[in-house]
Amino acid sequence: VGLEIDPFEVEYGRRRLARAFPDRDASQLLCSGDGRALPFADASFQVVTLWNVLEHVPQIEDLIGEVSRVLRRDGAVYIVCPNYAADRLEAHYHIPMEGLVPRDEMVRRLTAEGRDPSFFETSIHYRTNTEVISALGSAGFAIYDMQNRRRMDRCLRTLWSRCRAPQDFDAFHDPRRESVMLAARKQR
């Protein structure tokens, strides 16, 4: 099941789904809605994915709370989003950006490049690796490296693993890593 907030994208996606899966009801495969008020029952999913979503949500705590609500106990959320604390190309405009450039400076740069900054101003919210890890931890999620499936919380349960491979933990928690890419398992 997919969820999309933009009505145009919902209709476009449903048309594509109807062609790809003619025997399925496209309106059941792609729903219209806001992730901060998910139209699903409590504990109705084992897995939720948020691919390049968090940078478009003003308050990620609201979205993470809803994800927690719809996940079953031990359910997992998989997250990928740009880390705006990193030096890299801005993910949507593909212009160089040093970590956490002030928003007004980014608008100036976009305008100077001949780009319309309105999408940046209305729909891009800076997210950082540290912020996402912290928000998930506060919501009762255990944090995992998506690549090797090792638990990466900084807690007593991971002490042995952190001592054995501190460079892995340092790289995972690096506030300036290029992308936020992690899995989290609901604990409560």
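The structure is a predicted model, in which local features need pLDDT of at least 70, side-chain atom pairs count only at pLDDT 80 or more, and totals for chains, interfaces and linings use all residues. Residues are numbered from 1 along each chain as its sequence is written, and side-chain values use heavy atoms, with hydrogens and water left out.

The chain holds 8 helices and 8 strands, taken as DSSP runs (H or I of at least four residues for helices, E of at least two for strands) numbered from the N terminus. Its C-alpha trace spans about 50 × 45 × 25 Å along the principal axes. Of the 188 residues, 41% are buried; here buried means under 20% relative accessible area, exposed over 50%, and partly exposed in between (1.4 Å probe, protein chains only).

In general, nonpolar side chains tend to be buried together in soluble globular proteins. A nonpolar core is defined here as a set of buried Ala, Val, Leu, Ile, Met, Phe, Trp, Tyr and Cys residues joined through side-chain atoms within 4.5 Å. The largest such core has 28 residues, and V77, I79, V132, L136, F141 and L182 have the most contacts inside it. At least two residues each come from β3 (45-51), α3 (60-70), β4 (71-82), α6 (129-138), β7, α8 (166-173) and β8 (179-186), with α3 giving the largest share, 5 residues. Another core, of 11 residues, lies apart from it and includes V107, F120, I124 and Y126.

R151 sits in the loop between β7 (141-144) and α7 (159-164), and counts as buried because its relative accessibility is 18%. Leaving aside neighbours within four places in sequence, R151 is in contact with A142, I143, Y144, R157, T158, F169 and Q187.

S32, in strand β2 (residues 30-32), counts as partly exposed because its relative accessibility is 46%. Beyond neighbours within four places in sequence, S32 contacts L3, E4, V10 and R14.

Note on methods:
Contact means heavy atoms within 4.5 Å.
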